[in-house]
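The following text walks through one protein chain, from local contacts to overall dimensions. Please keep the sequence and the model side by side while reading.

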Amino acid sequence: MSQSRFQLALKQMQIITTALGTQLGARLAPGGERLFLVDDRGYLLAGTTACAAMVELALRDAPGGSVAIPLDMPDLFEAIAARHSGRIIRTETDPDALIQAISAEKVIMAGDSRGHFIFPDFHCAVDGMMALAKILNF
C-alpha cells in the first residue's frame, strides 16, 4: 500500500471513529508492526501521545514496572512512571535498541514515537497486533 493510500485510510478511520461514537479507533500498518490510534473525538494520536497513553496504561496495570523508550522522547515519560512508582529506561532511537533493552533488563513494555510497541511477556519483537490486544485488555 502506498503512503498516500495509507494516509487516506487513516483519515477514513478518524471519520468512522467519530461517526460511530466509539472510544477508540485502531489501525495496523501493512506488515502489522506499527499501531495507529484515534481517540473518541476523531483525533489521530501523534506517536509520542500514543506511546505516552500506552505507558500510562501499562504502568497502571503493573505499578512499579520498567518501560524502555528512546532517548528522543520527552521527559513526560519519567513523570508518568513516577506516578506509578515505575522506571523509564532510555535507549538509542531505533527499534533494535528497544529489543536489546528488553533483553538486558526486565521491562513490561517498550515503545517509541513511530507506533512500535514491544511486550516482552509475549515475545521480544515489535508487534502491532499484540499492542492492540494489550490496549483493549487495559
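A polar contact here is a pair of N or O atoms within 3.5 Å; within protein, one of the two must be able to donate a hydrogen and the other to accept it. The model is a predicted one. With that definition in hand, the start of helix H4 can be read: a side-chain oxygen of Asp94 comes to within 3.1 Å of the backbone nitrogen of Asp96.

H4 itself covers residues 95-104, and its buried residues are Ala97, Leu98, Ala101 and Ile102. Viewed down the axis of H4, these buried residues fall within an arc of 135 degrees, so they line one face of the helix. Which elements do the buried residues of H4 pack against? They pack against four strands, namely S3 (66-70), S4 (87-91), S5 (109-111) and S6 (117-118).

Buried in H3 are Phe77, Ile80 and Ala81. Down the axis of H3, the arc that holds its buried residues is 95 degrees, so they line one face of the helix. The face turned away from that buried side carries Ala82 and Arg83, which are exposed. The cover over the buried residues of H3 includes H2, S3 and S4.

Is His84 buried or exposed? Its relative accessibility is 14%, so His84 counts as buried, the cut-off being under 20%. Apart from neighbours within four places in sequence, His84 is in contact with Glu56, Leu59, Arg60, Pro63 and Gly64. Ser85, by contrast, is exposed, with a relative accessible area of 61%. Ser85 also has a positive phi of about 55 degrees although it is not a glycine.

Next come the nonpolar cores. The largest has 23 residues, of which Met54, Val55, Phe77, Met109 and Phe117 touch the most other members. At least two residues of this core come from each of strand S2 (35-39), helix H2 (47-61), S3, helix H3 (76-83) and helix H5 (128-137). H2 gives the most to this core, with seven residues. Phe77 touches Thr48, Cys51, Ala52, Val55, Ile69, Ile88 and Arg90, leaving out residues up to four places away in sequence.

The whole chain can now be summarised. It has five helices and six strands, in the order α-β-β-α-β-α-β-α-β-β-α along the sequence. Its radius of gyration is 15 Å, close to the 14 Å that the globule rule gives for 138 residues, so the chain is as compact as a globular protein of that length. The C-alpha atoms fill a box of roughly 40 × 30 × 25 Å along the principal axes. Of the 138 residues, 42% count as buried. Among contacts with a separation of 6 or more, 43% are accounted for by residues 24 or more positions apart. The accessible surface comes to about 7300 Å², and 53% of that surface belongs to carbon and sulfur atoms.

Key: Residues are numbered from 1 along each chain as its sequence is written. This is a predicted model: local features need pLDDT of at least 70, side-chain atom pairs count only at pLDDT 80 or more; totals for chains, interfaces and linings use all residues. Side-chain values use heavy atoms; hydrogens and water are left out. Buried means under 20% relative accessible area, exposed over 50%, partly exposed in between (1.4 Å probe, protein chains only). The arc is that of the directions from the helix axis to the C-beta atoms. Contact means heavy atoms within 4.5 Å. A nonpolar core is a set of buried Ala, Val, Leu, Ile, Met, Phe, Trp, Tyr and Cys residues joined through side-chain atoms within 4.5 Å. The radius of gyration is taken over C-alpha atoms; the globule rule is 2.2 Å times the number of residues to the power 0.38. Accessible areas come from the Shrake-Rupley method with a 1.4 Å probe; for residues, only the protein chains shown count as cover.
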